[in-house]
Amino acid sequence: LAGGADNVATVASSIATEAVRSLVSTVPENTVSNNNTPSRHPFVGLVDHISVMPLGEEFEVSENHSNKNKSLTNHDFVPASASGWAARCIGNSMKNAGVEVYFYGTAHPDGTSLATVRRERTSFFKSGGLERSTSTESQSNPAGVSTIGAPSTFVENFNIRLTSKCNRKVAQTLTRAVRERDGGLKGVEALTLPYSDNRFEVACNLLRPDVGSSDAILKVLNKWVQSNELVLSLNSDKDQILETAYRVG
């Protein structure tokens with residue numbers, strides 16, 4: 001979806017809340033809480049994540065403008081940015097649909113990042129194929145949790161899918177090679193995720209695509225592939241370690 005804050009908030013709220021209502025009535029009981037299958041992507045809710053990102057220069061939202069949307073209460077935090085305001089409206093609509101919502105980015109009073117909210121408030125990093133969760137946060141709520149927010153800049157996604165020749169330990173070395181907090185590329189967050197058929201995927205968020213770009217990731221990836229294929233003595237096309245690498249969206 002793309003457009004002004006009002007339209008994005010209205011349309012996204014309608015789609016997301018209808019999706020929750022439909023899924024709650026059709027998915028098997030405890031689907032959200034029992035999500036620890038080996039190749040499942042981590043998630044904590046039926047509509048797990050909604051991100052509202054600026055496509056251009058942001059404008060500030062006036063108090064009068066914010067009061068146009070009935071989902072914002074008089075006591076609610078009102079973000080200064082249009083994207084944060086839209087995210088807040090969507091989140092409050094989701095709350096009214098019975099979803100437990102955590103805000104992030106400019107939709108959060110402290111500007112807390114998505115990664116921090118997921119780590120401190122949800123079981124995201126202990127769900128799916130990452131790790132068996134001991135949390136019971138979503139067991140009493142069939143809709144589970146949704147993280148909704150607005151990063152301060154446009155965020156790109158880039159996925160690297162490896163073949164079954166690459167085990168988790170080797171895949172994690174690629175994750176560390178591209179991830180900023182491990183000395184990799186500036187603005188890049190990365191996670192090693194299990195995929196089907198004994199494969200792994202390195203999923204990347206590019207928070208600063210102007211410096212930590214998809215081209216920069218490809219350069220690191222090519223060097224990593226050459227090094228690891230030599231170590232693993234993979235020579236033929238059938239023994240390649242890399243399956244595909246692509247920008248999402």
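A helix axis is a line fitted to C-alpha atoms over the stretch in contact, and the angle between two axes is taken between their N-to-C directions. The model described here is predicted.

Two packed helices are described by the angle between their axes and the distance between the axes. Helix α1 spans residues 5-26, and helix α3 spans residues 82-96. Their axes come within 9 Å and cross at roughly 30°. Angles under 35 degrees count as roughly parallel, so α1 is roughly parallel to α3. The crossing of α1 and α3 is right-handed.

Residues from both helices build this contact. On the α1 side are Ala5, Asp6, Val8, Ala9, Ala12, Ser13, Ala16, Thr17 and Val20. They meet Ala82, Trp85, Ala86, Cys89, Ile90, Ser93 and Met94 of α3. The contact residues comprise 12 nonpolar, 3 polar and 1 charged. An α-helix has 3.6 residues a turn, so residues three or four places apart point the same way.

Helix α3 has 15 residues. From its first C-alpha to its last, α3 reaches 21 Å, close to the 21 Å expected at 1.5 Å a residue. Helix α3 is also mostly covered, with 13 of its 15 residues buried. Just after α3 comes glycine 98, which takes a positive phi of about 95°.

Alanine 19 is another residue of helix α1. Its relative accessible area is 26%. Buried means under 20% and exposed over 50%, so alanine 19 is partly exposed. The C-alpha atoms of alanine 19 and valine 47 are separated by 7.5 Å. Along the chain, these two residues are 28 residues apart.

Technical notes: Residues numbered from 1 in each chain as written. Predicted model: local features only at pLDDT ≥ 70, side-chain atom pairs only at ≥ 80, totals over all residues. Heavy atoms only, no water. Axes fitted to C-alpha atoms, helices over the stretch in contact; angles between N-to-C directions. Helix = DSSP H or I, 4+ residues; strand = E, 2+ residues; numbered from the N terminus. Parallel < 35°, antiparallel > 145°, perpendicular 65-115°, else oblique. Left-handed = near helix turned anticlockwise from the far one by under 90°. Contact = heavy atoms within 4.5 Å. Nonpolar A, V, L, I, M, F, W, Y, C, P; charged D, E, K, R; others polar. Expected span 1.5 Å × (residues − 1). Buried < 20%, exposed > 50% of the residue type's maximum accessible area, 1.4 Å probe, protein only.
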